[in-house]
Amino acid sequence: MALKIVKGSIDRMFDKNLQDLVRGIRNHKEDEAKYISTCIDEIKQELKQDNIAVKANAVCKLTYLQMLGYDVSWAAFNIVEVMSSSKFTYKRIGYLAASQCFHESTDVIMLTTNQIRKDLSSPNQYDTGVALTGLSCFVTPDLARDLANDIMTLMSHTKPYIRKKAVLIMYKVFLKYPESLRPAFPRLKEKLEDPDPGVQSAAVNVICELARRNPKNYLSLAPLFFKLMTSSTNNWVLIKIIKLFGALTPLEPRLGKKLIEPLTNLIHSTSAMSLLYECVNTVIAVLISLSSGMPNHSASIQLCVQKLRILIEDSDQNLKYLGLLAMSKILKTHPKSVQSHKDLILQCLDDKDESIRLRALDLLYGMVSKKNLMEIVKKLMLHVDKAEGTTYRDELLTKIIDICSQSNYQYITNFEWYISILVELTRLEGTRHGHLIASQMLDVAIRVKAIRAFAVAQMATLLDNAHLLTGNTQRNGICEVLYAAAWICGEFSEHLEDPLSTLEAMLRPKVATLPGHIQAVYVQNAAKLFATVLRGQEGAPADRTVAQETSQLLIDRLPLFVQSANLEVQERASCILQLVKYIQKLQQKDVEVAEEVTALFAGELNPVAPKAQKKVPVPEGLDLDAWINEPPSESESEDEGRKPKGKAVFAKEESKHTKPRYTEVDEKELAKRREVRKAEQANNPFYIKASPSSQKVYQDGVGVEHIPVVQIDLSVPLKVPDQYVKLEEERRQKDKADKKKKDKKKRREKGEKGRRRKGDSGPESEEDITPAHMVDITTEEMPENALPSDDDEKDPNDPHKALDIDLDKPLADSEKKLPVRTHRPDEVLRSPVDDGEGVEVVPELKKKSGKEKKDKKKDKDRKKSKEEKKKKKHKHEEGENLMGAGSEVPVQSEDSNEVAAPPPATTTNEEAAKVSEAPSASTPEAVSGMAVVPPDSEPEEAKDTEPEDTKSSKHKKKKQKKEKEEKEKKKKKKHHHHHHHSDGAGDESVQNGNVEEEEPLPPMSNYALLAENSYIKMMCDIQGNLQDGSQVVVSVIFENKCDSFIKAMEFNVLDSLNSKLQRPEGAGPHDGLTVPFQLPPGISNEARFVFSVQSIVMPQKLKGTLTFIVKTDDSSTHEKLDFKLHFTCTSYLITTPCYSDAYAKLLESGDLKGSSLKLEGVSQPFHHLLARICFHHHFSVVERIGSCASMYSRSIQGHHVCLLVKTADQTVSIDAKCDEPGLLGNVLDEIKLTFSQC
Amino acid sequence: MIKAILIFNNHGKPRLSKFYEHYSEDTEQQIIRETFHLVSKRDENVCNFLEGGMLIGGSENKLIYRHYATLYFVFCVDSSESELGILDLIQVFVETLDKCFENVCELDLIFHVDKVHNILAEMVMGGMVLETNMNEIITQVDAQNKMEKSEFSSFFSLYRRLSFSLPGRTGRHRLVLQVPLLVPCLP
């Protein structure tokens, strides 16, 4: 019978495994979705079963479905269940599923903390490995913070398999929890020299990844990497290192010089193409970083170019691609060396491989000169015609524009040619880059004054032929050029030969099909043209009918735009319509209106640099962040709303180009306001008053002067003889590209004869080509006292920014340990000498400083949202604050009776949920550690036996062994991370490298049973709070033991005179604290409570009660559980490391009172004994020689406690010194108790 | 950093997807489709590098791929990875699969995607290259598989073996799926 049940369940279990699912999906090709939905229903049924094998099978199938695109996040909790299976098979399935579908906002992730911690310390290396692999995919800031210590421990694991994984995952931890970088870095550095190549490679990997983002912090590692580079034979490692050097050399040219030789050797010797390529790359980086005045490096350049040429000529397309890629890097600094290979690169343009063509295009960008620009562009235009895919053609288009416009049109000698190229590009079908062409047209027309007549003529033709551009809806992108055409024709209408016909072209009904913003420009510029027509006609008063006909034309056509759905078009059209109607009235009365109408649009435009607005210095005393009016609704919307818009105008364009200043009309209102403000600020010396000629208000919103601009007019007026314009006209009609070139040559020759200008050609003057036109302004206009700010490019959201941490600075005492919010906030190492205040400063003073810190922190919290993007300057401080709930708690002033307690929100934050992982309460040590010490025990009086000086001299002798001892100290330290989970694997790592053969330590825990009934179990650990000398943090794990839901837990303690529970502001002294979570059956969770204590000399007992509601399906009952909290003197001690010389000094100072203790019949090994003292009583080993050890600890109020522990024949004698005899006596009693119980 | 590892067949059917950054399921599918679209239209004898797609990372990233018989192996990486190095890594990956599955073919990947994940986990972790030595990878994979076997009683293992042996290459699957990814090396 029983067998039948088992068999049945197994049958069900493998009803449908992954293979069956896959096969099923393959057999249901037609109704796959339906089949899968039935499968998901089955899976849901399977997940409801208790059998873990069935669940794992279901989760395995879900992982497959996730790959097919099905959302499986609903099963996240089941995945966690499978992850926590004790069987490796299932665990692996669980972790795989988690790694595929968990992410930062998966809420069950917080339930996994303890499970992962347990797996990390599992004796089975594959459990650990699988946990690390999974964690690397879904680590969150919380997990990173909670597990950083455990992972750091694993970095020294005995098994290389674990070490390499632990090292690698540290990168993810750093990213999520930047505070861990500094404390972990020394160990990471050690791993660079790990005996195992895999671990070494992992460490190199992590450091390279870190250094790539913030290279300057890793410069000090250069010698180490240099050594590795010359010694390592692992190509993977070499490549990584060489890549890293590539990132470091720009910061330190001396490094580069050293690198050249070994790299050149590698280039000559290696047979691995990948390595050769990276070497060449780094040599290039080095050469770029070195100043150009190094003639002896031309050999290296030649070597690189020569090797690259070999790569490019290789038949392997991959090498060709990479060769071109590297070549483009050389190009930036040594264009001459690359230009000699122009043939090769032009050849690559014909390659069948698009990636290679794109790379070759990149190279062309840097290879153009005044001489060859036209030739190269001509070749590119041919490719444009040939290109099939639109992406590649668009790429070509942008490249042509990039090439021509680079460095302020440096290489363009003839702008007529350029305009005609732009016009030709508008014939491209379906390009996305209409906007780019348009901005180029505008830019050239505005900045090159001499070209305006030509440009206007071309644009007028474009407008006339607009139907060609807009005929096809697919060509929509290109109609952007009409925006530019209309604007140029309107703005420079004085150059138009026949403004009337252009005006007519702009008012065709077809225009109404254009996008709104283009129509708006049309309407506005129609008005400008109208003004020009009027002026032209009124010059010859004989024929007034033309003027009147023009008005009539506008009155006839504009209503079409008045009906436009686009508000912008509508508003402009109706304004202008009314204006024209009025003008018509005047015309009928024979009034001369031309002058007034022209005045509407008078004035000259200046190009303004895109960043000009940003660079206007903030006047002294003006705080832009301050509210102007208290309700922050309207006042900010102006500034904030405008900025992104301003950006959007330019964002679409390539930032390399100078932008013409044209503004969208909805800024008109703002512009007006700005004008008002400007008038007010006329006397402010920080505002540059624009010259009268440029001081012009443009009602049309085109070229509104947002920015004070200094008029720079470098140009000598040029006249392009009419014949050239005509030539150009003819040429355009013929429209043959090859003929174009001849035209140009002719023009160029004449140009040379006709006009000589001093130019901005500067270094290029060696070239015998004189530009036909000068770019009006060589640099973009900037406000006069613009601030040189270069951080414009940095992305404030880059997670790597937080990792910009100085790693060379020696670790401050407080950061030697990870500021991890664990159960043991006492582990921040502090050496009394490094931190002298510890000796002298009276407790009150310390408290104050702690208080100040916290105030700062509170301020920070308030500002947090603003400051998040800023670099964390006070990292150290924040790190500390992360350490415990205590830090978040408002400081309680001891004189006042006002009580404070952690705000509920923070406590929620603090909770570390656990899945069915109750601490091992059964360990006797755990209980004994927290054992009661009689509160009335009198401090034993000093009966110090050993004179201090002998002690200290001993210490000096021991100095040579210090190193070894420190290692051990570290090991001891590690024990602390292991909490109640420390077990086999953890011990292995701890023992790693130990000289002596010592048997592993039994597991230890500081969590002691606080109280227990049939519903709930409470375990607690009491730790001093490092931040505040008067606080103690009590971490309580609540475990739900029953089958019902436990909620509304309230924790209350009867305060004593000396110790008070910190309660939230406003709460009475007898109110309980709500535990910020509820407990489902079988779940445990941890909460922290902060107590303030006045005197730490004596142990204390506090009575307390936990009240809670047990909720079953049909009823809920109130229950309570009484407990007694024991504050032992040990809990006021904080593990603090101390160097032996500092220790000796401390003992010599004579401020300490002594006491001693003898324990008989202690049979455990000495190192266990020490470990126990370290673990349960928060000491650290200073030195240990044979069966004698000195130990140190410090109280939260800064008392030093020194122990000398000796053992012989099962007798342990402890000599102790402390500057507070009462405290010492109690601590010794507690130590005695610990050992009497084991 | 490796941003994603994708394996799909000549028709764009995903056989394995491993993203080292989080995307929604829909985006993941879009990325797979886009990548397939980019990769599949390329000729056999063009370079194995592609400027990244729109969805995954943009210009910072590169797609590095290899095409074996019926499958594409695509790695999406950023600028810190060596292009040729990743190409080698893909080769190591496929050779490892070949060792673990004995003449690996698409069918193996279809039915044992979990095993492929486990092998991959020994090579790349959290987007960083963990191990490139094939013997070491195989040792670790084998050790874990052995552990898995030892966890089951004989009854279970028998059952599992039965169930695993079913979708082998003896079935009625189309021959094309059984094309070995690696051409056996001639002595």
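Me: What are the ground rules here?
Reply: In this predicted model, local features need pLDDT of at least 70 and side-chain atom pairs count only at pLDDT 80 or more, while totals for chains, interfaces and linings use all residues. Residues are numbered from 1 along each chain as its sequence is written, chains are lettered from A and ligands numbered from 1 in the order in which they are written, and side-chain values use heavy atoms, with hydrogens and water left out.

Me: How many residues do chain A and chain B put into the contact?
Reply: Chain A gives 69 residues and chain B gives 71 residues, contact meaning heavy atoms within 4.5 Å.

Me: And how much area do they bury between them?
Reply: About 6400 Å², 56% of it on carbon and sulfur atoms; buried area is the accessible area (1.4 Å probe) that two parts lose on being put together, summed over both. Met67(A), Arg92(A) and Trp236(A) supply 12% of the area that chain A buries against chain B, more than any other three residues.

Me: How many salt bridges cross the interface?
Reply: The rule finds 9 salt bridges between chain A and chain B, each a side-chain nitrogen of Lys or Arg within 4 Å of a carboxyl oxygen of Asp or Glu. Arg42(B) forms one with Asp353(A), with the closest N and O atoms 3.1 Å apart.

Me: Turning to Phe102(A), which residues is it in contact with, leaving aside neighbours within four places in sequence?
Reply: Among them are Ala76(A), Met83(A), Val108(A) and Phe138(A).
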